[in-house]
Amino acid sequence: MQQLDALTREAVSLAGGARRVIPILTAKETEVGRQMQICNSCRYCEGFCAVFPAMTRRLEFGKADIHFLANLCHNCGACLHACQYAPPHEFAVNVPKAMAEVRGQTYVDYAWPPALGTLYQRNGLTLSVALAAALALFLIMAVAAQGTLWNAKLGGNFYRLFPHNLLVGMFAPVFGFAALALAMGVRRFWRDITPATSGAALSGPAAAEATDTVLRLKYLGGGHGEGCNNEDDAFSLARRRFHHFTFYGFMLCFLATSVATLYHYALGWTAPYELPSLPKLLGVAGGVSLLVGTAGLWRLNRQRHPLHGDLAQKPMDLGFIALLFFTSASGLALWLGRSTPALALLLCLHLGAVMALFATLPYGKFAHGIFRTASLLRHATEKRQPSPVGLADD
Ligand code: SF4
Ligand code: SF4
C-alpha cells in the first residue's frame, strides 16, 4: 500500500515542453473520495460535525478538498456508529478511519523542513529518543556542575545549578524553531486548501466562530451535545472533558512561564516563586489539570474501538499523551521536592521532559490542533459564501 501511495502521489506532464506536476490522489485519499461520494448521496450524518456540511458544498473531491476534510474530522466516531453502510456492509463506509489515515499523511506532507516529516512515521521511537537524549543532557550537565545528583548544595534554588541565562539560551532556540516549523507547515496547508474552497477572505465573524468552536471543542459533542462514541455505541462527553483538561492545563502552564518571564525581565523579580504568586498558582493549576486530562485521554485511547481510526497512529497518540503526563508530573514533583536532597535530580527530569516536548512539538500529535484549527477557520469562512452547488449551508 505504501508503494502504491508513493507511485500515485504525483504525475509529471511534459505536455507542451513544460514540466507540470499534477496532483494525483494517493490510495488513502482515493478511499476518502469514494466514501464522500457515498455520503454525499446519503447525507444522513449532515448534522454531526463540520465535515458533512463542508462535503455538501462539493460534488467532486480533489486532493486539497480531501486534506481539508480530513483535518476537519475530529474522529468522534458518531458517523461510523450511525452508518448503515459501515462494515460488514459491502460499501465498507468508515469515515473516521479513512479520514484518520489521510490526516496522518498530511502531517508528513506538510512538515517543515520536509525531510523531518519522517519523524511522524515512527513517532513513538522519535519521542523516546528525544526524551532519552534530553534527560541524558541535563543529568550529565548537573553531575558536571555539582558532582552529584543527590543532596547538591542548592538551598532550594535551582538557578544555582542551571543559571537563568543558560536555560533561556538552551530553551529559547528550541521553542523558536518549533514555532517556526509549525507556522511554515500550516502556512503551506492553508495555501493548499484555500483554492479548494471559495477562496474568500477571512472575516471577523468567521474567525470568532472558529475560535469558539476550537475553545469549546464543539465537534467532540457528536452533533447532539451528548458526546462521542469511544469503545461502543454509547455517547460520552469524557473525551471532550479530558481534552479540555489537557488543553487548558497546557495553556495555564504556558501562561505561568510567560508571567514568570515578565516578572524576571520587566519587574526584576527572580524565581523561584512560591504560593500564592501568580506564576506558581497558574503553574500548579495547569500541572494538575494536565495530569487529569492526560490520564483520562490515555484510558480512553486504550479503550477506543479499533474501527475508529488509524491504528498506526497509536504510538504517536499515546507517546504524546505520556510525554505531557511526564512533563506535568515531573513539574509538580519538582515543586513538592524543592527543599529535599532530590532537587537536582527532579530538576533534570523536568527540564529533560520540557526540552523533549518542545523539540518534538512540530513532529507529533501536537500538530493536529494546529491543522484542525486552520480547517475550522477555513470552514467558518467558506460557509459564509454562497454554496457553489446551490445548496443551503448549516
Ligand atoms: S457515514 Fe454512512 S450514514 Fe453517514 S452520511 Fe455517510 S453513508 Fe450516510
Ligand atoms: S468521525 Fe465524527 S467528526 Fe469525523 S466525520 Fe464522522 S461525525 Fe464527523
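Predicted model: local features only at pLDDT ≥ 70, side-chain atom pairs only at ≥ 80, totals over all residues.
## Helix 8 against helix 14

Two packed helices are described by the angle between their axes and the distance between the axes. Helix 8 spans residues 164-193 and helix 14 spans residues 367-382. They pack at an angle of about 30°. Their axes lie 10 Å apart. Angles under 35 degrees count as roughly parallel, so helix 8 and helix 14 are roughly parallel to each other. The crossing of helix 8 with helix 14 is right-handed.

Helix 8 brings L182, G185, V186, F189, W190 and I193 to this contact. Helix 14 supplies A367, I370, F371, A374, S375, L377 and R378. By class, the contact of helix 8 with helix 14 holds 10 nonpolar, two polar and one charged residues. An α-helix has 3.6 residues a turn, so residues three or four places apart point the same way.

## Helix 8 against helix 10

Helix 8 also packs with helix 10, residues 238-267. Here the angle is about 135° and the axes are 14 Å apart. Angles over 145 degrees would count as roughly antiparallel, and 65 to 115 as roughly perpendicular. Helix 8 and helix 10 are therefore oblique to each other. Their crossing is left-handed.

On the helix 8 side, the contact uses H164, N165, V168 and F175. On the helix 10 side, it uses F254, H264 and Y265. The contact of helix 8 with helix 10 divides into four nonpolar, three polar and no charged residues.

## Helix 13: length and cover

Helix 13 runs over residues 343-360. At 1.5 Å a residue, its 18 residues should span 26 Å. The end C-alpha atoms of helix 13 are 26 Å apart, which agrees.

Helix 13 is mostly covered. Of its 18 residues, 15 are buried.

L135 sits in helix 7, residues 123-146. Its relative accessible area is 16%. Buried means under 20%, so L135 is buried.

Which residues does L135 contact, leaving aside its neighbours within four places in sequence? They are F326, C348, L349, G352 and A353. M355 is 220 residues from L135 along the chain.

Notes. Residues numbered from 1 in each chain as written. Chains lettered and ligands numbered in written order. Heavy atoms only, no water. Axes fitted to C-alpha atoms, helices over the stretch in contact; angles between N-to-C directions. Helix = DSSP H or I, 4+ residues; strand = E, 2+ residues; numbered from the N terminus. Left-handed = near helix turned anticlockwise from the far one by under 90°. Contact = heavy atoms within 4.5 Å. Nonpolar A, V, L, I, M, F, W, Y, C, P; charged D, E, K, R; others polar. Expected span 1.5 Å × (residues − 1). Buried < 20%, exposed > 50% of the residue type's maximum accessible area, 1.4 Å probe, protein only.
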